[in-house]
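Visitor: I have a structure on my screen and a list of terms used to describe it. Could you go through the terms with me?

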Amino acid sequence: MGFQILLHIGIVIILSPLLLGIIGKTKAFFAGRWGAPLLQPYYDIGKLLRKGNVYSTTTTWIFQAAPIVSLAAVLVSSILIPMGGLKAPFSFWGDIILFAGLYALARFFIIIAALDTGSSFEGMGASREAAFSCLAEIVLFLDFIILALLSKKLILSEMIMRNILSWELFGPVLLLVVASYFLVLLTENARIPIDDPATHLELTMIHEVMVLDHSGWDLAYILYGAAIKLFVLGALLVNILIPFHGLPAIVQFMVFWGGMIILAIGLGIVESCMARLRLNRVPQLLTGAFVLALVGLLIILVKGV
Amino acid sequence: MWLESALILIILFGIIILGNNRLSTMIQLLALQSLVLSITPLLIHPSIHAFTMTIVTIVLKVIVMPSLLFWAIRHVSIRREVQPLIGYGKTLLLGGFLMGVAFLISSKLDLPDKGMSNLLVPTAFSLVMIGFLLLVTRFKAITQVIGYLVMENGIFLFALLLLEKTPLLVEMGIFLDIFVGVLVMGIIINHINQEFGSASTVNLTNLRD
Amino acid sequence: MELFLLLELPLLMAMVVFLPQKNSLRKIILLLTSSIHVFATISLWQYPRAVRFNSFLGFDAVSQLVLNCISLLFFVVSIYLIGYLDEKKRRSNRILISCLLGLLASMTLVMMSRHMGLLWIAIASSTLLSVPLVNYYRTPKSIEATWKYLLISSVGIALGLLGTLFLAISATSINTIFLDDILNNAAYLSPSWLKLSVIFLLVGYGTKMGLAPMHTWKPDTYGEAPSPIGALMSGAVTGCAFLAVLRVFQICFYAHLKEFVSPILILLGILSLGIAAVFILGQKDFKRMLGYSSVEHMGMLVLALGLGGGAIWASLFHMVNNTFAKGLIFLVSGNLNQIFRSRKIENIQGVIHRFPITGVCLIVGLLVITGFPPFGIFYSELLILKEALITHQYMVGLFYLLFLSVIFFGYARIILSMALGQPTEGHHQRVKKENFFMVVPLIILLFILFFVGILVPDAFYNLINEAIALLGGK
């Protein structure tokens, strides 16, 4: 058990920045550039880890604790989901709430750290983040409810395992779930079209503006945390989308990692094709995601499981 | 399975129309919705009758009516809904709520034909409600017509429940009436355009007590 | 033969009128067609009541009653149009006349249809055909009125279609929606779908009738449409919609759903009366006031229907009188419009001093629509009150009386000042005397009102009795 957890976390730690690298490469390809190397996120994080921290005199311990807490929270969340042939090392009845709660915890600390700086820019970002994630969380839970109804389980890893049956009977519903979950994924990870991770114009940013005051290894933790978040939520999407469970371990392994790479490329394509939405259109998009999930739920309720 | 996928696709188009504000996109989405709609008779009960329905629907709802709507807005310069009565996010939420109501109502009704998908009635109700919402909350004349047509699409789905029972003659009469209705609406929108220089019903507030 | 004269001839003529170049020729075609229609309608009296042309088309006492009213009113209006359209010589009246004839055909189809789907088709086409009529002047205001009318009644008839489909779903076991089959097998209808269907049909056809709260198009449309068109719409087209409501009521009666439908009808009726009372009081525009008056009378029709029993007789009798009274007063308003060039009540004063016939008709019209004793509407209003009281629905009776007295006050204030007040100078110098063709119809209508409302000939009395027997009245 201990070894499994370590293996799981190790894989996540080692491979998650690679996902960002693939996205960057794809975007560069679509822009007609050669782009930064695939391992660039590792270099960035390594560089930051080697630097010292600068703290503003107005900040308190919260500002220093936030990066560590958020990184720890998302790392813990990764042990709740299966990855390819590897089963989830840790799971219990109702762990979907823990899963969502860990993300809420990470977000909470980032937000109060942003408020801790006393800067109006960061406060603005914090309020946007809070508002949008509020909307996203409802959608996430609706999706979980649908999956739980379909599988009659409240355990994240087993909910996903049962998908192979659900896809035959409830394919359209699961497509709705995937579509709305994909929008949640974009919001949670501050990707285009919700937010642009590359922008540094304070007025339009959501996530980036909150971490402007962090530096050194704190910033490295935050970047790492973001990469892991993308990895874990992406892994969940692949798990929902591809009903590969029950196949031989080697096939599962290949399907899962292939799925992750395709997901990263897909994200890169989405980001290349779309422009960032106007800020006031974001809630509309999330409401759309909510309605999609709601329709899925209604269909399940009408058809009965 | 295919039928249900089609029905969910129809609802999805409805939701997207509700959240959209570009007139031309809305018309295109409506045409797409009608296209999926026109295939459903074949999915429910493949027969000559259903085939006729499909052909007529494709010609009227997918080709003629959208082009009529495009014709009606050909001179309109502002091609998006300017300011709806309630915001898009709220409209979407309200739409979601109304869909819940639609599903609730449908669960109280027993289907005449047990073999049919039990998604058909809720989908039809949802479309009627989405159409009604569009009609009530938007000011552009063309959006109101689109709302009316979404509503008609919902009614069409209800008619599919009776596919094997209603005589073709009456169905064709109904089609013709709806078509002429939209034709007249298109012409009046044209009049509104000429008279007021825009197809917004915000201008139409002179008559009141 | 009657089938051809009633239904196909107007339809044929609606196309034929596109051929001649002269406006006057078209008006003659209109007059001829409508007089043939009247004769054909009268010749129906020689058959036994339940005429069936084929499975889709036929008559019973109810529809024959409504058909008589509509046909006569249409004939009178077509005489009036000869004088009225004279003024607009420059414009081609091709579309107007064609749509009028089409409207006549579609209204006849409403009367004839023995199939609920066909009934819907007929009602929908009567709506669509009246749209170009409303938009005749093409001023910004009339476009606005047309748009509201088109949109609201389209939604209404869409809901009506939904109701028709629900009816068909509830009739799955008998597998048809021919009216006769439904009535004969009413016990086999699925109740939940039937109730839903009744609600949708009432809302849909109620919109077409102009019942509150779906009445909002009515004052606008009647205000902006040419007056003879207003006469047709408030007299005849609403009559068609009322026939549709009667069919729904008939189905409910046979399916033992009277307890379900009656409160809805009473509610709609009282609401319409209330809305009309509020808006007629203080109304400044004569024709808009007539729109609200139509809301009031439609409300009274369904209220009477909802009360049931003896009030059903009152409902049908009221419908007949309302048709001709509305025709009369709208035609009077057309005369006033041409004389004064205004619809504002303050500009129209002292009609009786200069134009005695129009003025007398105005006052008589007032007396009729407010239900003054010698006329039929007084009798039907009294019967409705009586039914409310003997069924112990005192609240209904109370509101009914209250609203009626408010409405009466509103009417009297407006029309008496128009007819008897001091004539203002300047407005009406151009028109020296009333056009012959615009006076004769008024006199015909006065005569009809007197004849059916006060004398009540036996044949007519029997026809109403046969009709209410079909509706479960006493």
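Guide: What follows is a set of questions about how this predicted model is described.

Visitor: How do you know how confident the predictor was in chain B?

Guide: Confidence is given as pLDDT, on a scale from 0 to 100. Chain B averages 85, and 95% of its residues score at least 70.

Visitor: What makes up the secondary structure of chain B?

Guide: Chain B has seven helices and zero strands. From the N terminus on, its elements run α-α-α-α-α-α-α.

Visitor: And which elements does chain C have?

Guide: Chain C has 19 helices and two strands.

Visitor: Why is chain C called as compact as a globular protein of its length?

Guide: The globule rule gives 23 Å for 474 residues, and the radius of gyration of chain C is 21 Å, which is close to that value, so the description applies. The C-alpha trace of chain C spans about 70 × 55 × 45 Å along its principal axes.

Visitor: How does the radius of gyration of chain B stand against that of a compact globule?

Guide: A compact globule with 209 residues would have a radius of gyration near 17 Å; chain B has 17 Å, so the two agree. Taken along the principal axes, the C-alpha atoms of chain B fill a box of roughly 50 × 35 × 35 Å.

Visitor: What share of the residues of chain B and of chain C count as buried?

Guide: To count as buried, a residue needs 20 or more other C-beta atoms within 10 Å of its own. In chain C, 61% of the 474 residues count as buried. In chain B, 48% of the 209 residues do.

Visitor: What makes helix H5 of chain B largely enclosed?

Guide: Of the 18 residues of H5(B), 16 are buried, so the rest of the structure largely encloses this helix. From its first C-alpha to its last, H5(B) reaches 26 Å, close to the 26 Å expected at 1.5 Å a residue.

Visitor: How do you know which residues of chain B and chain C touch?

Guide: Two residues are in contact if their C-beta atoms, placed from the backbone, lie within 7 Å. The contact between these chains takes 35 residues from chain B and 32 residues from chain C. On the side of chain B, the elements that give two or more residues are helix H5 (120–137), helix H6 (141–161) and H7. H7(B) gives the most to that side, with 13 residues. By class, the side of chain B that touches chain C has 22 nonpolar, seven polar and six charged residues.

Visitor: How many residues does the contact between chain A and chain B take from each?

Guide: That contact takes 16 residues from chain A and 21 residues from chain B. Helix H7 (163–188) and helix H10 (282–303) of chain A are the elements that give two or more residues to the side of chain A. H10(A) gives the most to that side, with 13 residues. The residues of the side of chain A divide into 11 nonpolar, four polar and one charged.

Visitor: Which residues touch the most other members of the largest nonpolar core?

Guide: Of its 353 residues, Ala293(A), Ile123(C) and Val245(C) touch the most other members. Not counting residues up to four places away in sequence, Ala293(A) touches residues including Val139(A), Leu142(A), Ile146(A) and Leu176(A).

Note on methods:
Residues numbered from 1 in each chain as written. Chains lettered and ligands numbered in written order. Predicted model: local features only at pLDDT ≥ 70, side-chain atom pairs only at ≥ 80, totals over all residues. Helix = DSSP H or I, 4+ residues; strand = E, 2+ residues; numbered from the N terminus. Nonpolar A, V, L, I, M, F, W, Y, C, P; charged D, E, K, R; others polar. Rg over C-alpha atoms; globule rule 2.2 N^0.38 Å. Buried ≥ 20, exposed ≤ 12 C-beta atoms within 10 Å, placed from the backbone. Core = buried A, V, L, I, M, F, W, Y, C linked by C-beta atoms within 7 Å. Expected span 1.5 Å × (residues − 1).
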